[in-house]
Every structure is written in structure tokens, then in C-alpha cells.
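Open the model in your viewer and keep the sequence panel beside it. This tour moves from one selection to the next and says what is found at each stop.

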Amino acid sequence: MSRYLIRRILIAVPSLLGISLVLFAVLALAPGDPFSELATNPAIPPSVQAALRAKFGLDDPIAVRYLHWLTAMVHGDWGFSFVSRVNVDTLILQRLPVTLAVIGASQVLALLVALPVGVYAATKPYSAFDQIASTLAFIGFALPTFFTGLVFILIFSIQLNWLPFVFRSDLGSTGFAWLWEEIRQSIMPVLVLGLFQGATWTRFVRSAMLDVIRLDYVTTARSKGLPESGVVLKHIVRNALIPVVTLIALQMPVVFGGAIITEQIFRVPGIGSLLISAILANDTPVIMAVTFVFACLVILFNLIADLLYGWLDPRISYR
Amino acid sequence: MTEDDLRGMIEQVRRGKLTRRAFTGRMIALGLTAPLAAQMLTYSGVAKAQETFIYKPTKRGGGGALKTLWWQAPTLLNPHFAVGTKDQDSSRVFYEPLATWGPDGDLVPLLAAEIPSLDNGGVAKDGMSVTWKLKQGVAWHDGKPFTADDCVFNWAYASDPATAATTIGSYKDVKVAKVDDHTIRVDFPKPTPFWADAFVGVNGMIIPKHLFEAYKGDKSRDAPANLSPVGTGPYTFVAFKPGDLVQGKLNANYHMPNRPYFDTIEVKGGGDAVSAARAVLQTGEYDFAWNMQVEDEILKRLEASGKGHVAIVASGNIEHIQLNNTDPNKEVDGERSSIKTKHPFLTDPAVRNALNLVVDKASVHQYIYGRTGIDTANFVNAPEKFVSHNTHYEFAVAKAIKLLDDAGWKPGADGVREKDGVKLHAVYQTSINAPRQKTQEIVKQACQKAGISIEIKSVTASVFFSSDVANPDTYSHFYCDIQMYTTTMSQPDPGIFMRQFMTSEVATRANKWQGRNITRWQNADYDKLHDDSDHELDPVKRAAMFIAMDDMVIKDVVVIPVVTRPSVSAVGASMRVPLSGWDSNFYALQDWYRDA
């Protein structure tokens with residue numbers, strides 16, 4: 001087990017290096033400049049822009065810039081944003097709580113919808129419940145989040161005037177008033193993301209369940225006279241969950257990465273909106289940091305998923 | 001318009017026959033800026049106009065929360081690092097300059113006790129210096145007094161290249177000296193007619209010496225006050241999340257009586273312009289939204305709900321078409337559009353004039369931009385009653401056809417005109433932006449009627465406006481025949497703006513395409529006139545020079561102005577918000593209030 005872990009971690013190092021190299025090269029080759037806004041303003045002499053580029057090392061060759069970034073990263077220095085001149089780790093930490101709360105809540109909501117609905121629909125395939133659940137699930141993942149987001153805003157904010165559509169990270173109130181405000185402003189983004197994710201997962205849970213439900217040992221368990229709930233929970237769900245766990249574990253990094261479009265629509269100050277504004281401003285250190293953290297998380301959760309298999313299915317061993 | 005005409009008009013203003021505003025409007029129409037027009041009047045001894053904005057509240061505070069939306073989020077709060085309007089505006093919540101530019105181009109004192117002039121001896125007769133008297137009794141938010149030392153420090157801080165300040169252009173050529181605790185003198189290296197640059201407007205915000213002194217030069221990024229500003233403004237700092245939110249609360253010791261009105265202020269960033277307009281105009285969730293780059297039709301529909309209105313303030317932004325004077329298809333020493341070449345047909349005055357005649361500006365205004373883009377013959381739209389012989393435009397395809405016929409451009413078999421084997425085929429580029437693509441279509445259709453073939457090209461804005469030396473698609477490379485974009489003239493003096501037609505400013509490979517003269521137009525008379533205007537101390541004579549320069553540019557069809565783009569904001573129905581097109585959106589934040 002520990003040998004397996006060490007080997008996996010050692011494999012991760014070259015893949016992370018490769019990922020960072022590709023990311024850096026793509027960013028360096030992409031057009032644009034963090035100071036392009038200065039270029040169209042005739043009141044600012046071009047030399048200012050040139051001086052800024054030189055000061056921030058943007059004129060160095062790509063290889064030199066990459067090595068600078070890599071050595072700093074190894075020492076734990078994430079660099080600073082060219083645009084706000086703030087340390088990148090500060091920026092990310094500032095965005096993390098809101099991202100975790102909103103995206104995390106939506107993933108929990110998705111699970112709460114997908115697991116019971118998927119399991120129940122699979123135990124009674126082609127029943128009325130299954131048909132309705134399937135139809136709704138198809139509608140759910142056929143509608144993109146930017147569309148449902150706008151529809152929600154039009155209905156709940158503009159027509160009914162129930163919910164605010166501008167997310168505020170600092171509400172200026174405390175106690176229950178704060179909690180109530182927080183819930184009110186989070187409902188729409190959480191619903192939009194959660195229902196989309198839940199729809200996909202429902203389909204997945206259902207088909208995973210159907211694969212297992214037909215197997216011989218399930219029939220054996222039933223013929224032994226075990227109660228139906230015990231058969232479903234202990235024998236079917238546990239085995240059906242293995243592919244579902246993979247899917248969810250791989251989805252977890254997304255919780256940290258934020259949801260770019262939904263965050264933009266509701267003005268949620270999460271990591272997704274940090275990333276998109278950094279991309280638009282060609283703010284290389286921020287883009288590098290966010291995408292690199294993302295890459296690390298994907299590799300980490302892949303490992304966690306592999307370890308979880310062993311717990312769910314003792315037949316799997318690590319070598 | 002000559003110097004004498006100008007003096008005549010100023011005399012009319014003095015005698016009350018012409019209003020100040022009408023005079024300013026006419027000067028703007030001639031390619032000048034409102035601040036320059038105001039300077040002419042002050043110089044000629046015409047008293048400053050009454051402020052039209054009336055501040056009603058009779059006590060400080062009690063106004064509740066002021067909630068504003070900037071769809072580009074503020075990223076930093078040090079005015080000397082500001083990259084765009086969003087940063088300048090959010091810095092302006094906490095910091096103030098010595099003086100600001102009002103809507104008519106008048107200087108309004110803020111941290112200055114009075115505006116320097118020839119009469120009060122503030123402006124030196126030889127134009128070599130200007131002396132500012134500072135307001136006394138002003139305190140920083142932390143209680144320390146604001147003095148001349150702070151001003152001198154700001155100059156030293158911004159002019160140090162190691163600080164990497166974006167305001168360096170306003171400070172690097174001047175010297176600032178302390179006269180006494182509340183007086184400073186700005187010395188110029190040469191006679192300078194336009195003295196109100198350092199310490200004025202968006203580049204003039206002053207940061208406290210006692211908090212930034214240790215962080216001058218290389219260490220500028222480490223100053224804790226970069227993220228928690230301590231200024232002199234109407235609101236004190238509460239919280240800042242870069243790219244998201246700026247919060248402030250009432251400054252109980254603000255230096256103006258009964259101000260500010262609101263107890264807290266919030267500048268929320270992010271999202272898009274349409275939903276920002278919605279939050280102000282339709283749901284009333286917010287009180288003010290900045291820069292409504294939204295189709296006028298949508299704005300009108302949102303305004304119908306009655307929760308707010310659109311505020312339009314004239315500014316110097318102009319959408320214009322540039323004609324290339326050099327050949328974009330011939331490579332000389334590794335560079336296309338080199339000044340060693342001549343454009344095969346755009347250097348023919350007949351073709352230039354014909355192109356000027358086929359741009360249907362009225363339709364562009366009416367069908368594309370609406371209130372957010374007004375058709376213009378010149379740099380800026382004239383007031384309605386103003387008709388001048390040297391700033392008119394017309395849309396006349398028939399005239400264009402006749403011009404081309406007379407010049408010997410005959411239609412070929414494919415309907416495209418040609419002469420001596422040169423076809424009138426032009427590539428017309430702009431950035432990707434729906435109104436621009438529609439404008440391209442309008443121009444293309446009219447050109448086809450006149451026998452000019454247009455090939456449309458659209459470039460992603462982040463590429464088009466980048467300064468990437470290696471990318472051939474940037475506006476400054478200008479590797480095509482015609483291009484269109486908006487240039488800003490928000491800086492108060494036309495001197496800088498008019499520099500973009502000087503030979504010395506031509507964008508070339510040698511200066512990494514950083515020159516401002518994108519069209520590569522060269523004219524020795526123009527250069528000389530501009531050089532002269534740099535030393536001319538009489539603002540009236542100087543204005544006449546700028547008008548003459550403007551006439552040259554328009555007569556030669558160096559550029560074809562299309563529409564002016566006023567600054568458009570969304571304002572809550574009960575909000576009273578003074579705005580100026582020549583300064584920050586928050587230029588008079590201390591005066592904002594809500595009418596009961």
C-alpha cells in the first residue's frame with residue numbers, strides 16, 4: 001500500500017512538470033499583453049508600458065521566464081498578479097471560501113438529488129417515476145447553465161423580485177440576518193449548478209445500478225429471503241457505487257476551480273471569475289497558479305479515487 | 001476659424017451674448033477639449049460660470065448605503081498603478097487630486113485652496129512654473145495633516161521609473177518644490193501652456209507620504225497601503241477584494257461641510273454591462289452602473305420600468321476610420337506598411353475624398369449606436385445650432401462616383417474601379433464588437449455602389465489592441481488599407497491628442513510600433529504648427545493653432561470620424577449624480593446624494 005502510494009506520487013511529479021510546461025508555453029504564445037489598456041490611451045507615453053514590461057520580465061525569452069516561475073514555485077513563491085500587483089496566493093485564498101461554499105453546496109445538492117432518484121428509478125425501471133425522472137434529467141443536462149441562469153434571473157429577480165441577482169461577498173449584516181441573506185443570494189447559483197450536475201449524475205447512478213441489479217448474486221441474495229431494502233443497500237448500491245465514486249472524485253477538483261459561466265452571470269467572486277478575468281487581462285502568474293493548482297487537484301483526486309476502490313471492493317489490491 | 005474670430009467669440013461670452021456652454025460646445029466641435037476652452041475664457045478674464053449642480057443635504061451622513069456596479073472589476077487601489085478607468089475610479093473613492101475637471105472643462109479645486117491663474121499669480125507669466133496653494137486643515141483618514149510634503153513626495157514617487165507608476169507621464173518632466181507647508185511650485189523644463197496636468201484629475205490623486213515613503217521605487221509593490229488606502233476623500237477604507245468589491249464608509253472628518261451624504265459606499269465589480277444596467281434600471285438593486293456599453297434599444301426598454309435613467313455625458317471618445325498612407329502589401333526591411341512605401345491608391349486625394357463621402361454616419365448613429373454614438377463631421381459632435389463651413393460632412397455616393405470618374409478611376413469588368421492596373425480593392429479591419437461589424441457592413445455596401453471593393457476583416461479585441469510586436473494584426477502594425485476603432489480624448493489638453501498626426505510619432509518597426517501616428521501621414525506644416533503650439537503661452541492663439549491642425553487633418557482625410565462615443569452610465573431614479581466627461585466618474589463623489 002505505502003509502496004503503491006510512493007510510486008504514484010513519484011509518477012505525479014513528471015506529469016505536473018509536463019503540465020506546467022505546456023500551460024506556460026501556451027500562455028506565452030497566446031497574443032495579448034497585461035498592459036494593453038495603456039496602449040490605447042494617448043495620455044500615457046509608450047515608454048511607460050515598455051518599462052512595465054521590462055520590470056515584470058515580460059520581455060525575457062520564454063525559457064528564462066519559465067525557469068524563473070518554476071524555481072519560485074518550488075520555493076513556495078507563487079508570484080504576484082501583474083494587474084493588481086497582489087500576491088497570487090492572497091488572491092486565491094480570498095476567493096476560496098465563496099467558491100467552496102457555493103460550488104460545494106451545489107455538488108452536495110447534486111448528490112442529494114442524484115443518489116436517491118437514481119437508485120429508486122433503477123429499482124423500478126420503466127415505471128412512471130423512472131420515466132419522469134429520466135425526462136427531467138434529459139432536460140436538465142440539455143440546458144446549459146448560462147441559459148438556466150438567465151431564465152432564473154428573469155423569473156425570480158425581475159418578474160417576481162424575490163431574490164437578488166448580484167452576489168455580494170460582504171453583506172454587512174450579522175447573525176441570522178446574515179445567514180438569511182447569504183441563503184437568498186446563493187439559492188439561484190447553487191440551483192443552477194446543482195441541478196445541472198444532478199441531472200447528469202442521476203443518469204449515471206441509474207445505469208450503474210441497472211448493471212449490478214441483474215447479476216446472479218443479487219438474485220441469490222433475494223432468494224435467501226433477505227429483505228429488499230437490505231439487498232438494495234448492501235448488495236447493489238455498494239457495488240454500483242464504484243464507477244460513481246470515480247466520477248464524483250474526478251469532479252471534486254471542479255469545486256475548487258469554480259464555475260466560470262455561472263460565477264460570471266451571478267457575479268459570484270469565486271476562483272472561476274478570478275481565472276476568467278486573469279485570462280482576459282493576460283495576467284500570466286494568476287492563470288498559471290489557478291490552472292496549476294487545478295492540475296494538482298486532478299492528480300490528487302485521481303489517487304484518492306483509486307484508494308477508495310479498495311475500500312468499496314476488497315478484491316482490488318494495490319501493487 | 002482664426003485667432004480674431006476666437007477673440008470675437010470670447011468677447012461675446014463676456015458680454016453675455018453667447019453662453020459659456022455654447023462657446024465650449026463650439027470649441028469642442030473644432031477639435032479642442034472643454035478644459036482648453038475653459039482655459040481660454042479664464043485667460044481672457046471671463047469669470048467662471050456658476051455650478052449648475054446644487055447640493056441639497058444640510059448635514060453629513062444619514063443617506064444609507066450607496067451601491068455602485070463596475071462591470072470591469074477594480075483590481076487595485078493605488079492611483080499611481082491604475083491600469084484602467086475601473087482602477088482610477090475605485091482609487092478616487094479614497095484619494096483626491098488638487099483639482100478636478102468639471103463637465104464644462106473648468107478646474108474645480110479640491111485639495112487646492114484656489115485654482116492658480118495669471119491674476120492670482122499662481123501661473124508664471126513666462127509659463128515656466130505654476131504655484132498651487134493647498135487647502136489648510138485637511139487631514140488624512142488616519143488624522144495626520146495633509147501638507148506640501150505629501151505633494152512633493154507624490155512627484156518623487158511617480159517620477160521614479162523603478163516605482164513603475166502608470167502616472168509617470170504626468171510627473172517625469174516636471175520638478176516639484178515645497179514653498180511652505182501649504183504651497184508647492186511645479187517647475188517646467190520649458191514654457192508650458194498647459195500646466196494643469198500633474199496633481200490634477202485622474203493622474204493627480206495624492207497618496208500620503210507617511211505611509212508610502214518607505215515603499216518608493218523597487219519596493220513599491222510591498223506597501224501595505226496599496227491594499228488598504230488612507231486618503232483624504234469623502235469615504236474611508238473598509239475592505240477590498242481585488243477583482244470583486246471595494247467598500248468604504250463615511251469620513252466623519254471630511255474637509256467639506258455637510259458631505260458626504262451616504263453612510264457607506266460599495267463598488268461591486270464583475271459580470272457584464274447588460275445585467276449591470278438591469279440591476280440599476282429594472283430592479284433598482286443598485287444605484288449607479290458605469291460604462292453602459294449596451295445597445296441603446298435595450299437601454300430604452302430597461303428605462304421603461306422607471307427605476308432609473310441613463311445619464312449621457314459628452315466626452316472626447318471618437319470612433320474613426322483610418323486610411324493607410326503606406327503600402328501594407330509591400331515588405332521593406334522586414335516591415336510592411338513601411339514609411340518608405342506609398343499606398344497604391346489611398347494617397348490619391350480623389351480616393352480619400354470619395355471614401356469620406358461614402359461613410360453613412362447618420363445611419364450608423366441612427367440604426368447602430370442610438371444615443372450612445374452620435375454622428376460627427378469632426379472630432380466631437382457640435383451643438384445643434386452650430387454649422388461651420390470647415391466641419392461638415394455628407395453622405396453622397398453620386399458625388400463620390402463623379403470624383404472617382406474625374407480622377408480617372410474607371411470601372412473594370414467586375415465593377416471595381418481601376419487605373420493604371422491598380423484596383424480599388426481595400427482590406428478594412430476592426431476589432432470584434434457587434435456595432436463595429438454592422439458599421440463595416442454599412443460602409444462596405446456604400447463602397448460597392450461607388451465601385452470600391454471592400455474586404456472585411458475582424459480581429460479579436462485582445463489581439464487588435466495588444467502591443468505584441470510579433471503579431472501583425474494589431475492596430476498599430478496597420479497591415480491593411482483601412483481600419484476603425486475608438487480613440488480616447490479624455491485627457492484635458494488636445495496637445496497630446498494631436499501628436500498622433502506628427503511625423504516623429506509614426507509607428508514603425510524601429511519604435512516597436514509604439515508611435516502614435518498609426519496612419520503614417522506626414523506633413524511638415526503640421527509638424528511645425530504642433531511644435532509651435534508647444535511653446536505658445538496665449539491659450540487663444542494656441543487654440544487657433546489646434547483648429548488649424550484639425551482642419552489640415554480633416555481636409556486631407558487622414559481619418560474619417562464616424563461617431564462620438566459619449567460616456568453612458570445608469571443612474572437610479574432618485575440619485576443626484578454630477579458627472580464629467582473629462583475626469584473620473586467619481587470626480588464629484590462628495591456631492592452625490594439621494595433626493596427624497
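Select W71(B) and W290(B): both are buried. This is a predicted model. The two rings have their centres 5.3 Å apart and their planes at 40°, so the pair is tilted. W71(B) lies in the loop between strand 1 and helix 4 (85-92) of chain B, while W290(B) lies in the loop between strand 10 and helix 9 (296-303) of chain B. The pair therefore ties together parts that are 219 residues apart in sequence.

Next, select W70(B) and F288(B). They also form a tilted aromatic pair, with 5.6 Å centre to centre and 40° between the planes. W70(B) belongs to strand 1 (residues 65-70) of chain B and F288(B) to strand 10 (residues 288-289) of chain B. This pair links parts of the chain 218 residues apart. W70(B) counts as buried because its relative accessibility is 0%, and F288(B) is buried because its relative accessibility is 0%.

Ring pairs link W70(B), W71(B), F288(B), W290(B), F586(B) and W592(B) into a cluster. Over all chains, the whole structure has 31 aromatic pairs.

Which residues touch the most other members of the largest nonpolar core? They are M292(B) and W592(B), in a core of 57 residues. Helix 8 (residues 273-281) of chain B supplies the largest share of this core, six residues. Another core, of 35 residues, lies apart from it, and its members include A112(B), C151(B), A158(B) and V230(B).

Stay on C151(B) for a moment. Is C151(B) buried or exposed? C151(B) is buried, since its relative accessible area is 0%, and the cut-off for buried is under 20%. Moving on to another cysteine, C480(B) also counts as buried, at 1% relative accessibility. How many disulfides are there over all chains? The count is zero. C480(B) is in no disulfide, and the nearest cysteine sulfur, that of C447(B), is 13 Å away. A disulfide needs the two sulfur atoms within 2.5 Å.

Select residues 85-92 of chain B, which form helix 4. Seven of the eight residues of helix 4 of chain B are buried, so this helix is largely enclosed by the rest of the structure. The buried residues are K86(B), D87(B), Q88(B), D89(B), S90(B), S91(B) and R92(B).

From R92(B), go to Y587(B), which touches R92(B). Leaving aside residues up to four places away in sequence, Y587(B) also touches T100(B), W101(B), G102(B), P103(B), P578(B), L579(B) and S580(B). Y587(B) sits in the loop between strand 22 (575-576) and strand 23 (593-594) of chain B. Y587(B) is buried, with a relative accessible area of 6%.

Now show helix 3 (residues 34-43) and helix 17 (residues 539-555) of chain B. These helices pack at an angle of about 150°, with their axes 9 Å apart. On the helix 3 side, the contact is made by L36(B), Q39(B), M40(B) and Y43(B). On the helix 17 side, it is made by P539(B), V540(B), R542(B), A543(B) and F546(B). By class, the contact has seven nonpolar, one polar and one charged residues.

The last stops concern the backbone. Select R259(B) and P260(B): a cis peptide bond joins them, with omega about -5°. P260(B) lies in the loop between strand 8 (245-250) and strand 9 (264-269) of chain B.

Then select A164(B), a residue other than glycine with a positive phi, near 60°. A164(B) lies in the loop between helix 5 (148-159) and helix 6 (168-171) of chain B, and counts as buried at 6% relative accessibility.

Finally, switch to chain A and select R267(A). Its phi is near 55°, again a positive value in a residue other than glycine. R267(A) is placed in the loop between helix 11 (260-266) and helix 12 (271-280) of chain A. At 3% relative accessibility, R267(A) counts as buried.

Conventions
Residues are numbered from 1 along each chain as its sequence is written. Chains are lettered from A and ligands numbered from 1 in the order in which they are written. This is a predicted model: local features need pLDDT of at least 70, side-chain atom pairs count only at pLDDT 80 or more; totals for chains, interfaces and linings use all residues. Side-chain values use heavy atoms; hydrogens and water are left out. Buried means under 20% relative accessible area, exposed over 50%, partly exposed in between (1.4 Å probe, protein chains only). Axes are lines fitted to C-alpha atoms, for helices over the stretch in contact, and angles run from 0 to 180 degrees between N-to-C directions. Helices (H or I, at least four residues) and strands (E, at least two) are DSSP runs, numbered from the N terminus. Contact means heavy atoms within 4.5 Å. Ala, Val, Leu, Ile, Met, Phe, Trp, Tyr, Cys and Pro count as nonpolar, Asp, Glu, Lys and Arg as charged, and the others, Gly among them, as polar. A nonpolar core is a set of buried Ala, Val, Leu, Ile, Met, Phe, Trp, Tyr and Cys residues joined through side-chain atoms within 4.5 Å. Rings of Phe, Tyr and Trp (its six-membered ring) pair if their centres lie within 6.5 Å; planes under 30 degrees apart count as stacked, over 60 as edge-to-face and the rest as tilted.
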